[in-house]
Amino acid sequence: MNCYIIVEGDKTELSVYPAWLSILAPTYTRIENFEDVNENNYFIFSAGGIPSIYNHVANAVMDINSINSKEGSHYDYLLVCLDTEEESRGYILQQIESELKKKSVTLQNAELVVFEHKVCMETWFLGNQSVFKDNPQNTEYLNCIKYYNVGLNNPEEMGNMDPDRFATTAKFHLRYLKRMLEERNMSYSKNNTIDVQHQAYLLQLIKRFEETGHIATFGSWYEFVKDHFK
């Protein structure tokens, strides 16, 4: 089984997804050129944000169709991973469909699967209950908990504590995550995702999903990997 993966960002997703796949699917190999697909490979590409990702999905469909029309190894799935931000899954699917229609392309002999991060990928990372500390020393972190306790409640349902300060809900979730990790002498930035890449961190997110149903968009991605990357 082979996958062509498009992610929205060029930092977090390009570092975290390969790290997690090396844990969950160690027999799979990342390839640097989509044309080099053989067996148990995945190619991962950053679309550089929204709305450019929609255009790149159409381009990826053409890439996959060109490979799948030839003899030999082919792609089985096109996976698209992006933040919902303030939008809905329905809106995202509509945008993808519109771009494919505009370019008159249809995926051949492969399946398109969309995985959204609700609200953003940092929202998933907030689901680690072993890292969450409900009696912090940091005042800002304490205020975040008073606004919404992600240790007890589903991070995906959390809004924006201060829209005047944080332009988007995603920016607030990022800030909350930074403060949560700092309380455990951990760190996070778009350029430094090491602490959330570790197996122990990933296993805590899986546990949260399986025991509570929280971070369900993470759960959808995890279950797909578990069922298909064999």
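Which side chain meets that of Glu116 in a salt bridge? In this predicted model, the partner is Arg89, with a distance of 2.5 Å from N to O. Because Glu116 lies in strand β5 (residues 111-117) and Arg89 in helix α3 (residues 89-102), the pair ties together parts that are 27 residues apart in sequence. Glu116 is buried, at a relative accessible area of 13%, whereas Arg89 is partly exposed, at 35%.

In total, twelve salt bridges are counted, and a network of them links Glu140, Arg165, Arg175, Arg179 and Glu182. Arg165 is partly exposed, with a relative accessible area of 46%, while Glu140 counts as buried at 15%. Arg179 and Glu182 also form a salt bridge, at 2.8 Å from N to O, but both of these residues lie in helix α6, three residues apart, or about one turn of the helix.

The largest nonpolar core comprises 51 residues, and those with the most contacts inside it are Trp20, Phe125, Tyr176, Tyr201, Phe218 and Trp221. Helix α6 (residues 169-182) gives the most to this core, contributing six residues. When neighbours within four places in sequence are left aside, the contacts of Tyr176 include Leu126, Phe132, Tyr141, Ile145 and Met158. A second, separate core of 25 residues has among its members Tyr75, Ile96, Leu100 and Val105.

Definitions and conventions
Residues are numbered from 1 along each chain as its sequence is written. This is a predicted model: local features need pLDDT of at least 70, side-chain atom pairs count only at pLDDT 80 or more; totals for chains, interfaces and linings use all residues. Side-chain values use heavy atoms; hydrogens and water are left out. A nonpolar core is a set of buried Ala, Val, Leu, Ile, Met, Phe, Trp, Tyr and Cys residues joined through side-chain atoms within 4.5 Å. Buried means under 20% relative accessible area, exposed over 50%, partly exposed in between (1.4 Å probe, protein chains only). Helices (H or I, at least four residues) and strands (E, at least two) are DSSP runs, numbered from the N terminus. Contact means heavy atoms within 4.5 Å. A salt bridge is a side-chain nitrogen of Lys or Arg within 4 Å of a carboxyl oxygen of Asp or Glu.
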